[in-house]
Amino acid sequence: MVDDDDPRFSIHVTWSETRLPPTPVLMNAVELSAQYAELDFFSRTSQRSGVVLRDFPQIEIAVLPAPPARSVEARLVLWAIYATVIDMVYSSNFFECEVEVGWQGLVKAHVYFTLPLDDRLRTNYRIPNLDASTSDDDTAPEENFDSVNQTVNTVFDWRPIYKPHGLNLLPKDVFVLALGAIKVIAPRRITDQVPGPINIVSDRVDANLQIYLDRTHSPRPVPPFFRFGHALEAARRIPGWQLARHKFAEFFASIEINRRPVGIILMEKGAYPDPHDGNLTTM
């Protein structure tokens, strides 16, 4: 299987016969993808294992760089998680699996989706971030994780609300659009300003996700600014917010920084109404 982002990238999935619970798979995949998206796109990360979300400890996702390397590019892992989970969703194939991650015909890493291997590993675990310029040796320095709030010295908040008389959405469409938004945002630096609308669509999803600058739809001339890290944080929160309310439906949310509205995120049923407005991104 080859990802559309780059023909040099590929994955090969080996499935087992052990079933995985779909919701924990999707929730953990969204969170782990967002953690990788927070990193520099070409940065290198060492291995990670264990449960991603404490509230969903029923599955684990492990990432192991292929020996002799001790690290792998963040973008390759993010693409592999996305491609594998999308395959699970549309083939209803939620099973334990080993994902061989390839780049230019060489195996760069393995990603494992499994049931918990050890109860002692059921802890929230953030990925180690190695500097992009370091080699694959043991001395590569590890960077401390900084949230978007810490990075840009702001206080993030969002205020989601279901649309009055809004239409119901398929749960899988909500998860897929959230993963798609994370994948689209990932190449951008989280501190860069969002220049205009971002619209996420897919011919396999009967819904669309829109991210706008607030009100004027133009970049703010003074702080606080709407940054890609804020859009990423909103996207990662969507599935959990809807899941907690047992309702998957159309919604919109104001994104606020230091209590000032800077952006809007919107999910609607059906195709995006105006493909000529903004940056239309097909997953």
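These questions and answers walk through a predicted model of one protein chain.

Student: What is the mean pLDDT of the chain?
Tutor: This is a predicted model, so start with confidence, which pLDDT gives for each residue from 0 to 100. Here 80% of the residues reach 70 or more. The mean pLDDT of the chain is 85.

Student: Which element has the lowest mean pLDDT?
Tutor: Strand E6 has the highest mean, 98. The element with the lowest mean, 32, covers residues 142-143 and is strand E8.

Student: What is the order of the strands in the open sheet of four strands?
Tutor: The pairing is antiparallel. Each edge strand pairs on one side only, and the edge strands are E1 (9-19) and E3 (60-65). Neighbouring strands are turned by 15 degrees against each other on average, direction ignored. The order is E1-E5-E6-E3.

Student: Which residue in E6 is the bridge partner of alanine 62?
Tutor: Strand E6 spans residues 106-114. E3 and E6 pair in the antiparallel sense over six bridges. The partner of alanine 62 in E6 is tyrosine 112.

Student: What is omega for the bond that joins proline 223 and proline 224?
Tutor: Proline 224 lies in the loop between strand E11 (207-213) and helix H5 (228-244). The bond joining proline 223 and proline 224 is cis. Its omega is about 0 degrees.

Student: Is serine 92 buried or exposed?
Tutor: Serine 92 is in the loop between H2 and strand E5 (95-103). Its phi is positive, near 50 degrees. Exposed means over 50% relative accessible area. Serine 92 has 56% relative accessibility, so it counts as exposed.

Student: How does asparagine 258 count, by its relative accessibility?
Tutor: Asparagine 258 lies in the loop between strand E12 (251-257) and strand E13 (260-269). It has a positive phi of about 50 degrees although it is not a glycine. Its relative accessibility is 39%, so asparagine 258 counts as partly exposed.

Terms used
Residues are numbered from 1 along each chain as its sequence is written. This is a predicted model: local features need pLDDT of at least 70, side-chain atom pairs count only at pLDDT 80 or more; totals for chains, interfaces and linings use all residues. Side-chain values use heavy atoms; hydrogens and water are left out. Two strands pair if DSSP finds at least two bridges between them. Helices (H or I, at least four residues) and strands (E, at least two) are DSSP runs, numbered from the N terminus. Axes are lines fitted to C-alpha atoms, for helices over the stretch in contact, and angles run from 0 to 180 degrees between N-to-C directions. Buried means under 20% relative accessible area, exposed over 50%, partly exposed in between (1.4 Å probe, protein chains only).
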